[in-house]
Amino acid sequence: MDDIDNQLESKRIVFVTVGTTCFDSLVKTVDTEQVKEELSKKGYTHLVIQMGRGSYIPKKSSGEDGSLVVDYFTFSSTIAHYLKSASLVISHAGSGSIFETLRLEKALIVVVNEDLMDNHQSELAQELAERKHLFCAHPQTLYHLIQSLELESIIPYHPGHATPVAKLINRYLGFPSD
């Protein structure tokens with residue numbers, strides 16, 4: 001276990017993930033004093049940033065002055081333990097990251113990367129936000145969202161069951177439905 005892993009036990013952690021992409025605007029936004037102070041006001045103690053291929057390097061902090069402890073890394077073979085340890089996840093709009101976080105029943109803010117050409121990620125995030133399973137923001141609106149964050153308004157996400165659909169398809173194709 002490295003230093004980041006040791007910090008994750010019994011803390012109020014905000015985990016930020018950008019996946020394998022470059023999403024410097026998100027990393028820069030969460031690294032602003034304004035956002036870090038607001039997270040601290042909300043009772044969070046640690047900020048761990050998975051920065052992917054980005055070139056912006058966040059400022060580390062040991063939290064000695066009462067501020068958030070801030071650490072970062074580029075990639076990990078798995079982020080599952082970071083997600084499990086987090087009190088709040090701020091994620092890019094990748095469907096894998098979204099659904100993995102929702103399955104763990106973690107509070108989630110999805111930040112849409114407007115620099116990507118394909119808009120399906122934005123559509124997924126907005127639909128799940130409308131259903132109140134997560135919050136959706138853009139880098140420029142993230143601070144205001146954190147400021148007004150009401151985690152109690154989140155409705156837990158429960159994945160659907162594929163069995164009825166599979167039976168219907170089997171019946172349509174003439175296969176046994178059992």
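How many bridges join strand E1 to E4, and in which sense do the two strands run? There are 4 bridges, and the strands run parallel.

## Ground rules

This is a predicted model, in which local features need pLDDT of at least 70, side-chain atom pairs count only at pLDDT 80 or more, and totals for chains, interfaces and linings use all residues. Residues are numbered from 1 along each chain as its sequence is written, and side-chain values use heavy atoms, with hydrogens and water left out.

## Strand E4 and its neighbours

Helices (H or I, at least four residues) and strands (E, at least two) are DSSP runs, numbered from the N terminus. Two strands pair if DSSP finds at least two bridges between them. Strand E1 covers residues 13-17. In this pairing, valine 16 stands opposite isoleucine 90 of E4. E4 also pairs with strand E5 (residues 107-111), again in the parallel sense, over 4 bridges. There, valine 89 has leucine 108 in E5 as its bridge partner.

E4 itself spans residues 88-91. Leu88 and Ile90 point one way, and Val89 and Ser91 point the other way. In a regular strand, side chains alternate between the two faces of the sheet. All four of these E4 residues are buried (buried is under 20% relative accessible area, exposed over 50%, partly exposed in between, with a 1.4 Å probe and protein chains only).

E4, H5 and E5 make a right-handed β-α-β unit. Right-handed means that, with the strands pointing away from the viewer, the path from the first strand over the helix to the second runs clockwise.

## Rings that meet

Rings of Phe, Tyr and Trp (its six-membered ring) pair if their centres lie within 6.5 Å; planes under 30 degrees apart count as stacked, over 60 as edge-to-face and the rest as tilted. The count by this rule is 4 aromatic pairs. Phenylalanine 73 and tyrosine 82 are a stacked pair, 4.7 Å centre to centre with 25° between the planes. Phenylalanine 73 is buried, at 11% relative accessible area. Tyrosine 82 is buried too, at 4%.

Phenylalanine 99 and tyrosine 157 make a tilted pair, with 5.5 Å between centres and 50° between planes. This pair links distant parts of the chain, 58 residues apart. Phenylalanine 99 is in helix H5 (residues 95-103), while tyrosine 157 is in the loop between helix H7 (142-147) and helix H8 (163-173). Phenylalanine 99 is partly exposed, at 22%. Elsewhere, ring pairs link Phe15, Phe73 and Tyr82 into a cluster.

## Charges over rings

A charge sits over a ring if NZ of Lys or CZ of Arg is within 6 Å of the ring centre and within 35 degrees of the ring normal. The charged end of arginine 12 sits over the ring of tyrosine 44, 4.3 Å from the centre. Lysine 60 lies over the face of tyrosine 72, 5.1 Å from the ring centre.

Most residues other than glycine have a negative phi. Glutamate 105 is not a glycine, yet its phi is positive, about 60°. Glutamate 105 lies in the loop between H5 and E5. With 59% relative accessibility, glutamate 105 counts as exposed.

Lysine 132 also has a positive phi, about 65°, and is not a glycine. Lysine 132 is in the loop between helix H6 (120-130) and strand E6 (135-137). At 45% relative accessibility, lysine 132 is partly exposed.
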